[in-house]
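Here are my notes on the model, point by point. Please read them with the coordinates open.

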Amino acid sequence: MPLESPTLSAFSDPNLHAQGLFIGGDWLPGGGIPVMNPSSADLLAEVADATAADALRAVDAAEAAAAGWRATPPRQRAEILRRWFTLMTDHAEDLARLISLENGKALTDARGEVAYAAEFFRWYAEEAVRIAGEFRQAPSGAHHILVDHDPIGIAVLITPWNFPAAMATRKIGPALAAGCTVILKPASETPLTAFAMARLGAMAGVPAGVVNVITTSQPGPVVNAMLADPRVRKLSFTGSTGVGRTLLAEAAKTVVSCSMELGGNAPFLVFDDANLDAALDGAMIAKMRNAGEACTAANRFYVQSGIHDAFVAGLTQRMAALKVGPGTDPATQVGPMITTKAVTKIDRLVRQAVAGGASVTTGGAPLPGSGYYYPPTVLENVPEDAEIAHEEIFGPVAPVYRFDTEAQAINLANATEYGLAAYVYSRDLSRALRVGKGIETGMVGINRGLMSDPAAPFGGAKQSGLGREGGVTGILEFLEPKYFAVNF
Ligand code: NAP
């Protein structure tokens with residue numbers, strides 16, 4: 001169904017345009033949820049608004065497809081995923097423009113996301129045929145232990161708006177490789193990418209009902225209805241820690257297996273012996289990929305006293321030089337925030353920090369005009385008890401704090417309920433690894449500002465999540481081990 005929007009009809013492949021619910025291989029028309037262009041605050045499209053009854057129809061479709069998909073040989077599942085990877089790669093530019101339009105991120109970031117997102121299909125195409133079991137003698141020597149894996153069952157996948165393609169493929173890839181059928185509920189702000197990907201999935205040969213996509217303005221009741229259905233056995237959620245907590249409580253009622261990829265508050269530690277230029281390069285990536293709207297985004301910069309002033313000067317210079325503009329403008333390096341609400345939150349955090357004694361070295365206030373723009377901002381002398389040190393900023397603001405000793409740096413890094421990612425810059429690899437071991441996060445970048453890799457286990461400790469996505473372990477989230485006690 002082509003979109004009426006003149007902006008979207010400019011795509012090279014009109015087949016990518018969809019706005020209805022995708023259930024059982026059919027596109028069901030509907031509207032009601034506005035999708036905005038954050039770069040201009042214009043309406044881009046309207047997508048369908050699913051009710052709880054629609055969601056249960058999606059569960060019916062996933063159930064109807066489940067036995068066939070589970071019985072599909074792993075090699076065949078792998079080949080479908082591999083074709084989906086190829087189709088995403090072939091349509092990379094259309095997908096990148098679509099992401100840029102509905103999310104606002106700069107085209108370069110959107111292109112990076114499409115490549116990253118597609119890799120999850122390639123990786124899990126490769127993993128689908130390598131699901132290993134176990135066979136060993138019991139310690140008593142009296143019998144054997146055989147462990148096989150079953151697909152866990154129907155999976156509900158819920159994704160955020162900040163990586164509209166990658167957060168979906170990071171779940172769909174392992175779920176399909178494991179033999180599960182799924183219902184994807186993308187974020188209301190960025191549903192068009194999910195629908196476009198569903199189109200490509202159908203072209204790749206994903207059978208009807210294996211992947212269903214629904215959008216809704218009532219995520220709570222609609223998702224709860226699916227979790228209450230005993231046929232649903234898995235919830236894989238990426239989003240805020242607050243919504244994650246609510247969903248864990250809801251899933252407890254039917255003891256649904258949960259994987260949770262939640263919020264972050266990443267510390268970025270720079271020691272005196274770090275290579276300053278490398279640390280600044282890494283800081284720019286860790287802070288500014290996606291304009292700061294990333295769960296792994298550096299949220300707190302802790303810099304040792306000896307290098308502090310040079311780091312602040314270098315970071316200020318680089319941040320001030322970035323070009324802010326509409327996501328789809330090829331010259332743009334920093335796109336808008338997702339909503340005006342996001343800008344208001346960032347503004348509040350910066351104002352509070354400044355009121356508490358922080359000083360602004362660049363940026364520091366929302367930009368006027370249409371679209372939801374906040375400029376790259378650096379704050380120094382930020383008090384450690386400022387709210388900005390404890391809340392996810394999710395924007396292009398870099399608060400810099402000073403530290404003196406290694407122990408102090410580790411304590412500061414751990415002074416948060418979050419535990420997703422951390423970054424350490426030092427030329428002394430022993431120290432970097434020692435500090436990394438001391439930090440309570442699921443991921444540590446050592447002299448690297450970018451850690452996302454489809455081949456690595458992505459996920460958080462503490463209140464940043466449960467389970468891992470990507471890598472060899474990601475598929476286990478969608479498998480139920482089955483133990484046979486064997487005598488022979
Ligand atoms: P969010 O508000 O938690 O929303 C995430 C998803 O949950 C959306 O699809 C949303 O639907 C849905 N949702 C909201 N309330 C719900 C409810 N009561 N029941 C079921 N679903 C519900 O998060 P966001 O603002 O979109 O995304 C930003 C957050 O995601 C940040 O905290 C970020 O750190 C985190 N994140 C984590 C990772 C990771 O891998 N750890 C990766 C990316 C992002 P609607 O859009 O319709 O509200």
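1. Which side chain of opposite charge is nearest to Arg-300, and how far away is it? The model is predicted. In it, Glu-440 is the nearest such side chain, at 9.1 Å. Arg-300 is buried yet has no salt bridge. A salt bridge needs a side-chain nitrogen of Lys or Arg within 4 Å of a carboxyl oxygen of Asp or Glu.

2. What does the side chain of Arg-300 reach instead? Arg-300 is found in strand S13. A polar atom of its side chain lies 2.8 Å from the backbone oxygen of Asn-265. The Arg-300 side chain also reaches the backbone oxygen of Ala-413, at 3.0 Å. Leaving out residues up to four places away in sequence, Arg-300 touches several others, including Ala-266, Pro-267, Phe-268, Tyr-401 and Leu-412. Asn-265 and Ala-413 are in that contact list too.

3. Lys-234 is worth a look next. This lysine is found in strand S10, residues 232-238. Its relative accessibility is 1%, so Lys-234 counts as buried. The Lys-234 side chain makes a polar contact with the side chain of Ser-257, at 3.0 Å. A polar atom of the Lys-234 side chain also lies 3.0 Å from the backbone oxygen of Glu-477. Beyond neighbours within four places in sequence, Lys-234 is in contact with residues including Ile-152, Ile-154, Val-156, Cys-258 and Phe-478. Ser-257 and Glu-477 are also among its contacts.

4. Now the salt bridges. Side chains of opposite charge can pair when their charged atoms come close. How many salt bridges does the structure hold? There are 24. One of them joins the side chains of Arg-231 and Asp-229, at 2.8 Å from N to O. Arg-231 is partly exposed, with a relative accessible area of 27%. Asp-229 is buried, with 11%.

5. Arg-402 forms a salt bridge with Asp-309, the closest N and O atoms being 3.4 Å apart. The pair links distant parts of the chain. Arg-402 is in strand S16 and Asp-309 in helix H10, 93 residues apart. Arg-402 is partly exposed, with a relative accessible area of 37%.

6. Glu-406 forms a salt bridge with Arg-431. Their closest N and O atoms are 3.8 Å apart. This pair, too, links distant parts of the chain. Glu-406 sits in helix H12 (residues 406-414) and Arg-431 in helix H13 (residues 429-438), 25 residues apart. Buried or exposed: which describes Glu-406 and Arg-431? Both residues are buried. Salt bridges with shared partners join Asp-273, Glu-406, Arg-431 and Arg-434 into one network.

7. Leu-315 is buried, with a relative accessible area of 0%. Take Val-400: 85 residues separate it from Leu-315 in sequence. In space, the two are 9.8 Å apart, C-alpha to C-alpha.

8. Check the backbone at two loop positions. Phi of Ala-291 is near 55°, a positive value in a residue other than glycine. Ala-291 is found in the loop between helix H9 (276-288) and strand S13 (298-304). The residue is buried, at 4% relative accessible area. Phi of Phe-394 is likewise positive and near 55°. The place of Phe-394 is in the loop between strand S15 (377-380) and strand S16 (397-403). At 17% relative accessibility, Phe-394 counts as buried because the limit is under 20%.

9. Last, the surface. Which residues form a nonpolar patch there? They are Phe-135, Leu-146, Phe-484 and Phe-488. Together they have about 450 Å² of accessible area. Phe-135, one of the four, is in strand S5 (residues 134-137).

Key:
Residues numbered from 1 in each chain as written. Predicted model: local features only at pLDDT ≥ 70, side-chain atom pairs only at ≥ 80, totals over all residues. Heavy atoms only, no water. Buried < 20%, exposed > 50% of the residue type's maximum accessible area, 1.4 Å probe, protein only. Lys, Arg positive; Asp, Glu negative; His and termini not counted. Polar contact = N/O pair within 3.5 Å; in protein donor to acceptor, adjacent residues only side chain to side chain. Contact = heavy atoms within 4.5 Å. Patch = residues over 30% accessible without salt bridge, like charges linked within 9 Å, V, L, I, M, F, W, Y side chains within 5 Å. Areas by Shrake-Rupley, 256 points an atom, 1.4 Å probe, with all protein chains shown as cover.
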